[in-house]
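Colleague: I'd like to learn how to read the disulfides and strands in a model like this one. Can you walk me through it?

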Amino acid sequence: TPMASPRALPLCLLVFQMAAGARGQEAVAPGCRLHPFNVTVRSDRGGTCRGSHVAQACVGYCESSAFPSKRSVLVASGYRHNITSVSQCCTISRLRKVKVQLQCAGARQEDLEIFTAQACQCDTCRLSRY
């Protein structure tokens, strides 16, 4: 079997660490799914009021591919678009608002609404959807 290049090993380890860290000790399977995480919310920079809540994120991976461009694509791009790639990212498809109860000084309480993921899907990669 061919030996991996020295640069490939750190990348493989990084991907493994990210996958293991995202799902704990269980094996990571392909797909895009909800993943709970604890979020701490503060009313201001000084943390006058604060609280925590378990929110949901979308975690996983989706299909991607790259292949040599068709001749029509090459011609249309002036022979600069040599490779065509198609990819999807794990993204939030539905959000919901949840109330977080903040504890303030003097036993006072405030409610604050935050967003959490309600559903996930593989979709076109974008910088931001919302």
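Modeller: Start with the link of Cys 62 and Cys 122, which is left-handed, with -85 degrees about the S-S bond. A disulfide here is a pair of cysteine sulfur atoms within 2.5 Å, and the sulfurs of Cys 62 and Cys 122 are 2.1 Å apart. That pair links distant parts of the chain, 60 residues apart: Cys 62 sits in the loop between S2 and S3, Cys 122 in strand S5.

Colleague: What should I keep in mind about the model and its numbering?

Modeller: This is a predicted model, so local features need pLDDT of at least 70 and side-chain atom pairs count only at pLDDT 80 or more, while totals for chains, interfaces and linings use all residues. Residues are numbered from 1 along each chain as its sequence is written, and side-chain values use heavy atoms, with hydrogens and water left out.

Colleague: Are Cys 62 and Cys 122 buried or partly exposed?

Modeller: Buried means under 20% relative accessible area, exposed over 50%, and partly exposed in between, using a 1.4 Å probe and protein chains only. Cys 62 has 16%, so Cys 62 is buried. Cys 122 comes out at 30% and counts as partly exposed.

Colleague: How many disulfides does the count come to?

Modeller: The count is five. Number the bonded cysteines of the protein chain in sequence order and the pairing reads 1-6, 2-7, 3-8, 4-9, 5-10. One of the disulfides joins Cys 58 and Cys 120, with sulfur atoms 2.1 Å apart. Cys 58 belongs to strand S2 and Cys 120 to strand S5, so to speak distant parts of the chain, 62 residues apart. The S-S torsion of Cys 58 and Cys 120 is about -90 degrees, so that disulfide is left-handed. Both Cys 58 and Cys 120 are buried.

Colleague: Which disulfide is right-handed?

Modeller: Look at Cys 49 and Cys 104: the torsion about their S-S bond is about 115 degrees, so the disulfide is right-handed. Cys 49 is in strand S2 and Cys 104 in strand S4, so the pair ties together parts 55 residues apart in sequence. Their S to S distance is 2.0 Å, and Cys 49 and Cys 104 are both buried.

Colleague: And the strands, how do I read their pairing?

Modeller: Strands (E, at least two residues) and helices (H or I, at least four) are DSSP runs, numbered from the N terminus. Two strands pair if DSSP finds at least two bridges between them. S2 and S4 run antiparallel and are joined by two bridges, and Cys 49 stands opposite Cys 104 there. Strand S1 (residues 31-42) pairs with strand S2 (residues 49-61) over twelve bridges, also in the antiparallel sense. Val 41 stands opposite Gly 51 in S2. The hairpin of S1 and S2 has six residues between the strands, and there Gly 47 takes a positive phi near 70 degrees.

Colleague: Which residue has a positive phi although it is not a glycine?

Modeller: Tyr 79 does, with a phi of about 65 degrees. Tyr 79 lies in the loop between helix H2 (71-76) and strand S4 (83-104), and is partly exposed at 49% relative accessible area. Ala 107 also has a positive phi without being a glycine, about 60 degrees. Ala 107 is in the loop between S4 and strand S5 (109-124) and is exposed, at 71%.

Colleague: What does Glu 63 touch?

Modeller: Contact means heavy atoms within 4.5 Å. Not counting residues up to four places away in sequence, Glu 63 touches Val 86, Ser 87 and Gln 88. Glu 63 lies in the loop between S2 and strand S3 (64-68).
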